[in-house]
Structure formats: C-alpha cells, structure tokens
Number of protein chains: 2
Amino acid sequence: MTEARFDVLAIGNAIVDVLAPCDDAFLAEERVDKGAMTLIDTARATELYARMGPAREISGGSAANTCAGLAALGSKAAFIGQVANDQLGEVFAHDIRAAGIHFDVAPREGDPPTARCLILVTPDGQRTMNTFLGASQHLPASAIDANLIASAKVLYLEGYLWDPDDPRAAMKGAIKAARDAGREVAFTLSDAFLLDRHGDDFRALIDGGQIDILFANEVELLGLTGAASFDEGVAMLAPKLPVLVATRSEKGAVAISGGQTASVPAEPVAKVVDTTGAGDSFAAGFLHGHVNGASLAECLTMGAIAAAEVISHYGARPEADLKELVAVRFG
Amino acid sequence: MTEARFDVLAIGNAIVDVLAPCDDAFLAEERVDKGAMTLIDTARATELYARMGPAREISGGSAANTCAGLAALGSKAAFIGQVANDQLGEVFAHDIRAAGIHFDVAPREGDPPTARCLILVTPDGQRTMNTFLGASQHLPASAIDANLIASAKVLYLEGYLWDPDDPRAAMKGAIKAARDAGREVAFTLSDAFLLDRHGDDFRALIDGGQIDILFANEVELLGLTGAASFDEGVAMLAPKLPVLVATRSEKGAVAISGGQTASVPAEPVAKVVDTTGAGDSFAAGFLHGHVNGASLAECLTMGAIAAAEVISHYGARPEADLKELVAVRFG
C-alpha cells in the first residue's frame with residue numbers, strides 16, 4: 001500500500017445551505033418534521049423559500065462539512081460531489097477549495113441547478129432541513145475515481161447519498177475501490193428517516209463487513225437495530241464493526257472498538273445557536289484523531305470540541321480556529 | 001399631499017455580499033484600501049474571489065440594508081434597485097421581500113449578473129469592500145416610479161449610485177419627483193473615495209437645496225467641506241441643510257437641525273465582529289425616529305442602537321429584534 005495522499009476522501013451531496021430563523025409555529029404551518037431532513041421538489045422549494053424569512057447562504061452538505069472540519073483541524077481532505085454550472089455551484093466549489101480541500105468534479109451543464117437545503121432554525125437552535133437535491137442527485141459513477149479513493153486513508157460516505165439513484169449505485173463501486181486498496185470505510189447514517197427508505201441496505205453493508213467506522217446518533221441507532229434502549233443498540237451493533245461511534249447530542253458520545261469502550265460528555269456551549277452540522281463536525285473531529293493514531297477517548301474529545309464550535313454559530317462549517325481549540329486541550 | 005403609503009423609499013445598488021474573514025497581510029498583498037469601497041471588474045472579481053477564504057452570502061447593498069433596518073424597526077419601507085435574472089438576483093429579491101420591504105423592479109435578462117460585493121473582514125471587525133456592480137449599474141430611469149416616490153415620506157438615496165452612469169442620471173428625476181410631491185430627500189455620502197469622483201455633484205445638490213437630510217461620517221465630512229476638523233466641517237455644512245447627521249464610529253454621532261444640536265455616544269458593543277452596514281443601520285434608526293416625530297436626540301439614539309446590533313455579527317442586516325432593543329430603551 002502506497003503512502004496516502006489524503007487522510008480522508010469524502011463523498012456526499014454538494015449543497016449550499018439557505019439558513020433562516022423561524023418559530024415553532026412556522027414549522028407546524030409548513031408541516032415539516034422538526035429536526036429531520038425532508039427531500040423537496042422544485043415546486044415545494046419555491047413555495048417554502050417564498051414563505052421563509054431573510055436568509056443567508058453558506059456552503060453545506062454533510063460529508064462536505066466533515067471535510068471542512070477535517071481541513072480546519074489540519075487533516076488532508078478531498079471531496080467528491082456534483083454541482084451544476086451556476087452561481088450556487090460556483091459558491092460551493094469556491095468555499096470547499098478555499099478551505100484547502102481537494103475538489104475536482106466538473107460542474108454539470110444544464111438543469112437541474114445546484115442543490116440547496118432550506119434550513120429553518122428555531123429559537124432552541126434546532127435545525128430542520130428541506131433539501132432540494134438538484135444536480136447533486138446526478139453524481140455519476142464516472143466521478144468515483146478509484147485512484148483518488150486508493151490515495152486516502154479513509155473513505156467517508158454519508159447515508160444521504162442513498163436517496164438519489166445514481167449516487168447510491170455509485171457507492172458500491174466506491175466501497176469496493178476502498179476495500180481493494182486496503183483503505184478503511186467510514187459511514188454515517190445521516191438521518192433516522194433514511195432508515196425507512198434504506199435501512200435494509202445499511203444493515204446489509206454492516207452485516208457484510210463493508211463498514212469499518214460507523215457514526216450513528218441515538219435515534220438512528222434505535223432505528224437501525226430495533227433496540228429498545230441506547231445501551232442495547234450499542235451492544236447489538238458493536239460486535240459487527242471495527243469502530244462504532246454513537247452520539248447523543250447534549251448527553252455526549254460513546255465509541256467502541258476491539259472490546260474497548262470510551263465515552264465523553266458534550267462540550268459546554270455558551271448558547272446553542274444552530275445545530276446544523278453538529279454531527280458532521282463531530283465526525284470530523286473523531287476522524288482527525290483516528291487518522292493521527294489518537295486513542296478512542298481522544299478521538300471522541302476532538303469530535304466533541306468540533307461539534308461544540310459549529311453549534312455556537314449559524315452555518316455548518318467551522319468559523320473558529322479548530323486547530324487551536326484542540327491544541328489548547330491536548331497541549 | 002395624500003397620506004404616505006411608505007415611510008421611506010430607498011434607491012440603491014442591489015448587491016449580494018460575499019463575506020470572508022482575512023488578516024491584514026492579505027489586504028496588503030491584494031493592495032486594497034482597508035475600510036474603503038473599491039469598484040472591481042469581472043476579471044478582478046474572479047481573481048480576488050479565487051484567493052479569498054470560504055465565505056457566506058448575505059444580501060447587502062447600502063440603501064437596501066437601511067430598508068432592512070427600517071422594516072425591522074417597524075417602519076414601512078420600499079426599495080428600488082436592479083438585479084439580474086439569476087440565482088443571486090433571486091436571493092436578493094427573496095431577502096428584501098421576506099423582510100417585509102416593497103420591491104417590484106423586474107430582474108434584468110442576460111449579462112451582466114447580479115451585483116456582488118466581496119467583503120474582507122479583518123480581526124478588528126473592519127470591513128473592506130470590493131464591489132462588482134453587474135446588473136445594478138443598469139438601473140434604468142424607467143424604474144424610478146414617480147408615483148412610488150410620491151407615496152413615501154422620505155426618499156433615501158445612497159451616494160454609491162453616482163458611480164454607474166444610468167442610475168446617476170436617473171437620480172435627478174428621482175429627486176425632482178420627491179420635491180414635486182413635497183417629500184423629503186435624504187442622502188448618504190456612502191464612501192470618502194466617492195468624493196474624488198463625484199464631490200462636485202454632491203456639493204451642488206447640497207448648495208442647491210436639493211437635500212433635506214444628509215448622512216456623513218467624519219472622513220466624508222472633511223472631504224466634502226475641505227474643513228480641517230470635524231467641528232469646523234459640521235459648522236460649514238449645517239447651515240445648508242435642514243438636517244445634518246454626522247457619525248464618528250466609536251466616538252458617537254451628532255445631528256444639527258434648525259439651530260439645535262444633539263449628540264450621542266456610540267452604544268457599547270461586546271465585540272465588534274463585522275462593521276459592514278454600520279452606517280446603513282445608523283441611517284435606518286435615525287430615519288425611523290424621524291418619520292415618527294422623535295426628537296433629534298432620540299433619532300440619534302435609535303441610530304446608535306441599530307448600528308451596534310449590526311456590527312455585533314457578520315452581515316449588514318439586523319438579526320436581533322431591533323424593535324425590542326429600541327422599546328427597551330424608550331419604554
């Protein structure tokens with residue numbers, strides 16, 4: 001195995017977030033599931049956008065956010081995702097490259113436009129996502145560069161990729177390329193509602209030994225395993241995975257690997273402003289520790305630090321100096 | 001004179017801000033005047049964008065920001081400005097309408113694209129603006145709706161409109177429409193560098209009695225009058241204007257009207273994050289007081305409160321509840 005050029009290569013939907021505050025009554029009127037990710041079509045996107053408040057646009061996309069966190073921590077990251085040749089596509093490509101992340105998927109010509117996620121942020125900081133996948137759903141298998149995958153220590157995939165047909169199909173090839181090259185495959189379940197649509201696929205991947213590192217939050221863990229409690233779910237899943245990382249928002253996180261268990265509390269946050277990207281950033285911190293040979297507990301702490309930073313402000317990518325925040329803790 | 005439908009009708013460049021942090025060394029390398037507004041062409045916009053860091057997009061434009069402040073305070077505002085029929089144009093139009101501001105200028109087809117301002121924010125919170133005017137410079141005289149102007153108590157114009165040819169020409173008609181309808185004309189000098197290009201025009205407007213309310217910061221005041229000190233500049237200008245509002249950043253602001261003088265200190269701010277829109281918000285607060293018959297001192301205080309809010313976060317439009325912030329002070 002040649003030396004890795006990248007620490008992590010992530011594949012995900014290439015999305016620009018459109019974030020606006022709203023109250024809980026607005027979510028009720030719009031009949032959206034608070035805290036969830038709902039796919040929307042062009043008509044619904046137009047209608048919801050017209051009704052939501054003044055917004056700000058910040059590049060997002062779950063795995064892309066994880067790349068931004070990794071880069072901010074000093075890891076070498078690369079990203080594969082599909083934008084259109086339009087202004088939001090330029091914004092996404094600019095932001096990911098400006099963060100120091102390798103990104104060379106050519107923009108797609110014509111309709112549909114670049115993906116956007118209309119994110120409604122309630123006063124409690126909770127984010128509710130309405131995703132118009134646009135060009136992102138047309139990520140072709142040809143964009144899955146096996147050489148690029150082989151050049152990264154870890155291949156990181158977001159569960160959201162299983163919604164659109166082309167990327168879902170392409171992911172099988174990506175996982176095979178990573179395994180053939182002797183690289184690790186990390187996977188995040190992304191959203192509990194995905195389990196209704198793709199739970200069997202995810203369970204087959206895990207049972208088939210295709211996943212080395214699994215990220216799941218509490219609701220996803222229960223949905224995936226059918227367990228009655230967090231602890232039961234962890235006990236069911238852990239034996240099937242080299243590394244299981246289970247997050248519980250303000251209750252902290254647990255990681256299990258090779259019979260060892262570590263846990264951390266959530267980092268204190270002065271005010272939870274916007275939880276968008278919390279899980280993405282947690283994964284970034286954990287993976288940064290992992291590729292640098294940190295202990296399980298250290299990996300979790302890095303995850304918790306990165307998550308706390310990102311929920312302290314609007315937008316799913318780091319604004320503070322993450323490297324410094326981690327250095328302060330680890331000396 | 002019929003009852004006014006709007007408190008303020010503002011005309012300005014319709015711009016989406018692209019904000020990114022940078023250090024002072026970057027400004028030096030890029031040879032931009034720190035704190036100023038520099039006009040840039042397509043080539044320079046492409047080059048500078050490629051070199052600046054990950055950014056966020058938030059609707060801006062000086063007079064449009066003032067409308068957003070006015071609307072947040074509870075005043076009825078309308079805006080005239082030109083966007084293109086593209087994604088950033090949709091963003092601008094959405095944000096201004098979602099703020100409750102009347103805006104019905106049709107987007108312009110074809111090139112150039114919607115205006116954007118590449119804003120570099122240094123650690124001291126100072127903003128340095130690089131403006132690509134795009135479609136905004138093609139605001140046609142036909143967009144200056146005399147009936148709309150007559151329906152607002154105050155016509156508010158930004159000095160920035162004097163840079164592009166079409167809007168500059170259109171402004172004469174706008175001022176005439178307001179004066180013919182017996183409405184007040186408010187004007188902001190916008191940027192000291194504009195005085196090199198349009199100082200004679202601005203002085204002619206003031207000397208000709210076309211301006212009722214003038215907003216100027218200290219540097220603009222000195223540039224306009226040639227005075228050696230702030231006090232001298234105020235003394236020279238005040239007799240020519242029904243209302244003069246002179247701002248001095250952290251040193252507060254002064255207003256003179258009908259021989260009366262009022263002054264306020266700057267509002268305390270926990271941390272100056274981004275000064276973009278400070279002057280725009282100050283004007284919003286002042287004008288909100290003015291159209292509601294507040295005293296000079298009260299108008300200044302509302303301006304100071306609105307300015308303090310906007311410099312406490314990234315972006316030039318209010319995020320906190322300005323109405324509440326003002327209510328707390330005035331009971």
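In which sense do β4(A) and strand β4 of chain B pair, and over how many bridges? The legends below take up this question and the views around it.

**View 1. Strand meets strand across the two chains.** The pairing of β4(A) with strand β4 (residues 56-59) of chain B is antiparallel and runs over 3 bridges. Strands count as paired if DSSP finds at least two bridges between them. Within β4(B), B:Arg56 is the bridge partner of A:Ile58. This is a predicted model, in which local features need pLDDT of at least 70, side-chain atom pairs count only at pLDDT 80 or more, and totals for chains, interfaces and linings use all residues. Residues are numbered from 1 along each chain as its sequence is written, and chains are lettered from A and ligands numbered from 1 in the order in which they are written.

**View 2. The side of chain A that touches chain B.** Chain A gives 19 residues to the contact, and chain B gives 19 residues. Residues are in contact if their C-beta atoms, placed from the backbone, lie within 7 Å. On chain A, β4 (56-59) and α4 (87-98) each supply at least two residues of this side. The largest share, 6 residues, comes from α4(A). Helices (H or I, at least four residues) and strands (E, at least two) are DSSP runs, numbered from the N terminus.

**View 3. The axis between the copies.** Chain A superposes on chain B by a rotation of 180° with 0.0 Å of shift along its axis (RMSD 0.0 Å). That is the relation of a two-fold axis. In chain A, the C-alpha of A:Glu57 is nearest the axis, 2.4 Å from it. The superposition is by least squares on the C-alpha atoms of residues with pLDDT of at least 70 in both copies.

Notes. Two residues are in contact if their C-beta atoms, placed from the backbone, lie within 7 Å.
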